[in-house]
Amino acid sequence: MIPLEHYVLVSAGLFILGIAGVILRRNALIIYMSLEMILNASNLAMVAFSRYHGNLDGQIFVFFTIAVAAAEVAVGLAIIAALFRVKQTVRVSDLSALKL
Amino acid sequence: MENALFYFFSGAMLFFGLMTITSRNPVNSAMFLVLVFFFMAGLFVLLHAFFLAAVQVLVYAGAIMVLFLFVIMLLNAADEEKRRRHWLGVIASAVVVGLLVFEFGFVLWSGNLDTVLPSLDAVGQTEAVGRLLFSSYLLPFEIVSVLLLAAMIGVIILGGKEKKA
């Protein structure tokens, strides 16, 4: 039997990797991938707590998180593609102006 | 057996997560991220969340990553810029990562998590999730469908601009 702490530890590790990716990388697409990793880390924590507390509400919540993540990725990638059409780059350091 | 699978899945997941954020080529990053999602689905199976494991593979590793790859190919952004070290970003991420490691370590070390594993029959669990989803959580379920519709309309509006320009 695996203790609950190990699942939470793995979830925290993936969360930290995602945060580091968001801060470190300059490519907007890779920042988006890191955001997906952060969402997945929270999903893992919720499923683990749901299993160890014998309560299925956590799994329902993860289901909603996945649906919201799908919507978010679609809109975010459309925004990145629209920005690329105007500025010809996906580097966030070149996208620092509010005015196009 | 379960222990070995857990340590294999989580170790491989963290390794490929590291590869995702350090890989130069965005296509390689996307492929490593697919592996991260697959190993996450394996962890879901170990936690007896079979429905979520299937959804994880279908939605994340299938739909979302195909969308990512499609956009990467569309933008032709596969060639990453030359590796110029931005020290401010490195220092900032080191500080944030250090703080997070300290915080998570402190919480995990001082907290007393209840680790008594309740036994639930694995067969009926997907059915139980479905019953819960369509009874107590019916309204959030419907709202999510509206959210997906709104996202779809938003993407069409954002993506359909180029004909005018």
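## A pair within helix α5 of chain B

In this predicted model, B:Arg131 and B:Glu127 lie four residues apart in helix α5 (residues 125-133) of chain B, so about one helical turn separates them; helices here are DSSP runs of H or I with at least four residues, numbered from the N terminus.

B:Arg131 counts as exposed at 58% relative accessibility, whereas B:Glu127, at 49%, is partly exposed (buried is under 20% relative accessible area, exposed over 50%, partly exposed in between, with a 1.4 Å probe and protein chains only).

## The interface between chains A and B

Contact, meaning heavy atoms within 4.5 Å, joins 68 residues of chain A to 79 residues of chain B. The area buried between the two chains (the accessible area, 1.4 Å probe, lost on being put together, summed over both) is about 6900 Å², and carbon and sulfur atoms give 78% of this area. Between chain A and chain B there are zero salt bridges.

## Basis of the values

Residues are numbered from 1 along each chain as its sequence is written, and chains are lettered from A in the order in which they are written. Local features need pLDDT of at least 70 and side-chain atom pairs count only at pLDDT 80 or more, while totals for chains, interfaces and linings use all residues; side-chain values use heavy atoms, leaving out hydrogens and water.

Key: A salt bridge is a side-chain nitrogen of Lys or Arg within 4 Å of a carboxyl oxygen of Asp or Glu. Helices (H or I, at least four residues) and strands (E, at least two) are DSSP runs, numbered from the N terminus.
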